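Hi,

Here is the structure I promised to pass on. Have a look at it first, and my notes follow below.

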Amino acid sequence: MFFVTPFLIYMGIVFFIPVGLILFTGFVSEETGQFTFEYFQAFFTQGLYLRVLWTTIEVSFMGALIVLLCGYPIAYYLAKQPPKRRMYLSLFVLLPFYTSILVKSFAFVVILGHSGAVNWLLRFFLGEDFGVQLLYNRIGVMFGIVHDMLPFIVFPILVNLLAQNPALHRAAEIMGASRTRIFWQVTFPLSLPGIFAGILLVVVRVMGQFVTPSLLGGRTDIMMANLVDFHVNDVLDWNMAAVISILLAVMAGVFLVALARLRGAQIFGAET
Amino acid sequence: MIERKPRSSATRQKPSWRTTRRDFLGGATTLGVGIAAGLPVVFTPGKARASAVIRYADDGGRTGQGRDRLYIKPFMSATGIEVKTYIGQKNLAKMKAMVKANNLEFDMVNDGGSNLVSASKAGLLEKLDKSRLDLTHKLFPEWDWEDTLAWEYFSGGLGYNEEAIDDPPRTWADFWDVDKYPGRRGMRTRPQYTLEEALMADGVAPKDVYPMDLERAFKSMDRIKPHIKIWIEQTAKTIEHLQTQELDYTSTFSGRIFIARSEGLPLNFVFDMPNSSPQNVGIMKGAQNYDSCLKLVQWFFNGEPGVEWFTAFIGYGPTDSETMAQLSDEVKAKLPDPANPKANWVDVGWWGDNLEDVVKQYKTWLLT
């Protein structure tokens, strides 16, 4: 406990005090200085906020699901590699981290855009009039999120797969189970804590995103964090900004608790 | 020295903050909200209050470097006043936090007119002592505020890629006519300029745009909505989409188009239907070197560098008629003429009063 004191002091100053002030700003009226629910009431009675809230939830869960579908096979493949090779390959998983979204969004146009590689191929094989809209809509947002979030799902699952007891797989094999059956009845159920931990990380991170959706999304892809930005910077309504921030934090918290309940302490790796 | 007058017109005015606890809360709340929003908000202590230096906030970038070379350096040698340029976050939130914490990081700011008019409404700026400014040849009487001054204007309007499009729409009504002009269109996710375009497309004369008939504007927007390929959030992206030919034409700014042209990109701007906005300067509330700041305000408004500046940065125009008269015809041809009846002059005061409601209505409209 003694050794974490400096960190606790640091967190107290740069995290807990500001968070306390956000709570204060969300619940205390700027006019009267009294405790109030008026800002929360304003949030829940306006169609815009509720729609954006729903979009945020939709994008985060949809994103997490697609990232999982892309990330699980990668983790599974990596787990099967010899350690040295795995280390090299892991670096590739981290590659998206090193590029800013502003640069990536430009690169995406070259591949997915109207005159990009994908559409060029489609036109080449299917005729001049053919084309698919892969950017500036929900599909574009998903491309961006998968690109950003892949490491967050690959590594928790990879750690879990590596920690699985190989004896279980051998036992299943000896008993004559097929590889598919071993996967679905041994490997996959055992990897659920890794999956949940990964999904948790992705959902919570995507909930707070706004740059990727605004660069790659369409007109309906407005996130809660966009509204925080708008209220803080454009109209100086810091009470509403605080309310939205609090709701985002609460949503993330509820999700965390629900998952923890569902899987018990397993999520944090205690019983893998 | 300067009287604080209550501003009756302010719709978003907040009560004045008295106690030091609240001062602290103000600053710390920005920090907190900033962290929550993932924005980097950095607080550094202000310099000694009594210094004779002007701390001047600018956007930086290409135009910022140009201003440094053409305005700031000559100002220093002409007056002997030292100017320290601050380049960093200077949005409304930052200004509010600085004024509330009574800890200014800059004394003077150069920013878009709508931002500074909002700052003025929120009581963040000092009143400009007009008796000590020479504004004899000021153009645009409608851009007139107590505590901020328009020193140049810039124009929004239609940009297009010359390689893809020979004949772009020349009126907003034509831009709305998707049969006559079938190209891929972009519009902005902000209502400023966009709703003006919608009204003009629907036949409203530029002089009758304000106060805006929102119902009519949104009805007009309904007609173009299904034909917009990309809704663009960031201004820089308008140029990028034209460059990569994701779009054939989009609402953008002439200054950006001409910077892109000077870099060799085949982009052009339609001058027949501009929406022009002021770029302002203002002095922060509580600035200690008010007199020096006032001199810099004057320098921006009609100082000698004007001619060279407006020649180097095509698309930006002066708000002083004498500077305007000295510009070459070639430069003037690329500016919306104050006499052109098809040019709209954005009423940033109207926007300041209505911003929050209209943005909410617009975002809701975008979502449906």
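Chain B has 14 helices and 11 strands (both are DSSP runs, H or I of at least four residues for helices and E of at least two for strands, numbered from the N terminus). Of the 368 residues in chain B, 58% are buried, meaning under 20% relative accessible area with a 1.4 Å probe and protein chains only, where over 50% is exposed and anything in between is partly exposed. Among contacts in chain B with a separation of 6 or more, 73% are between residues 24 or more positions apart; contact means heavy atoms within 4.5 Å.

Some housekeeping before the rest: this is a predicted model, so local features need pLDDT of at least 70 and side-chain atom pairs count only at pLDDT 80 or more, while totals for chains, interfaces and linings use all residues. Residues are numbered from 1 along each chain as its sequence is written, chains are lettered from A and ligands numbered from 1 in the order in which they are written, and side-chain values use heavy atoms, with hydrogens and water left out.

Staying with chain B, the domain assignment gives domain 1 (23–153 + 280–327) and domain 2 (154–276 + 359–367); such bounds come from an automatic or database assignment. Their C-alpha centres lie 29 Å apart, and 7 residues of domain 1 are in contact with 9 residues of domain 2. The area buried between these two domains of chain B is about 740 Å², with 65% of it from carbon and sulfur atoms (buried area is the accessible area, 1.4 Å probe, that two parts lose on being put together, summed over both). On the domain 1 side, Arg62(B), Tyr153(B) and Ile314(B) lose the most area, together 52% of what that side buries.

Arg62(B) turns up again in a salt bridge with Glu263(B), at 3.1 Å from N to O. The rule here asks for a side-chain nitrogen of Lys or Arg within 4 Å of a carboxyl oxygen of Asp or Glu, and it finds 1 salt bridge across this interface of domain 1 and domain 2 of chain B.

Now for the two chains together. The contact takes 42 residues from chain A and 48 residues from chain B, and the area buried between chain A and chain B is about 4,200 Å², with carbon and sulfur atoms giving 66%. How many salt bridges does the rule find across the interface of chain A and chain B? It finds 0.

Chain A is itself divided into domain 1 (1–36) and domain 2 (47–264), whose centres, taken over C-alpha atoms, are separated by 31 Å. These domains of chain A bury about 460 Å² between them, 68% of it on carbon and sulfur atoms. Ile22(A), Thr25(A) and Gly26(A) supply 67% of the area that domain 1 buries against domain 2, more than any other three residues.

Met149(A) counts as buried because its relative accessibility is 1%. Leaving out residues up to four places away in sequence, Met149(A) touches Val67(A), Val202(A), Arg205(A), Val206(A) and Gln209(A).

Cheers
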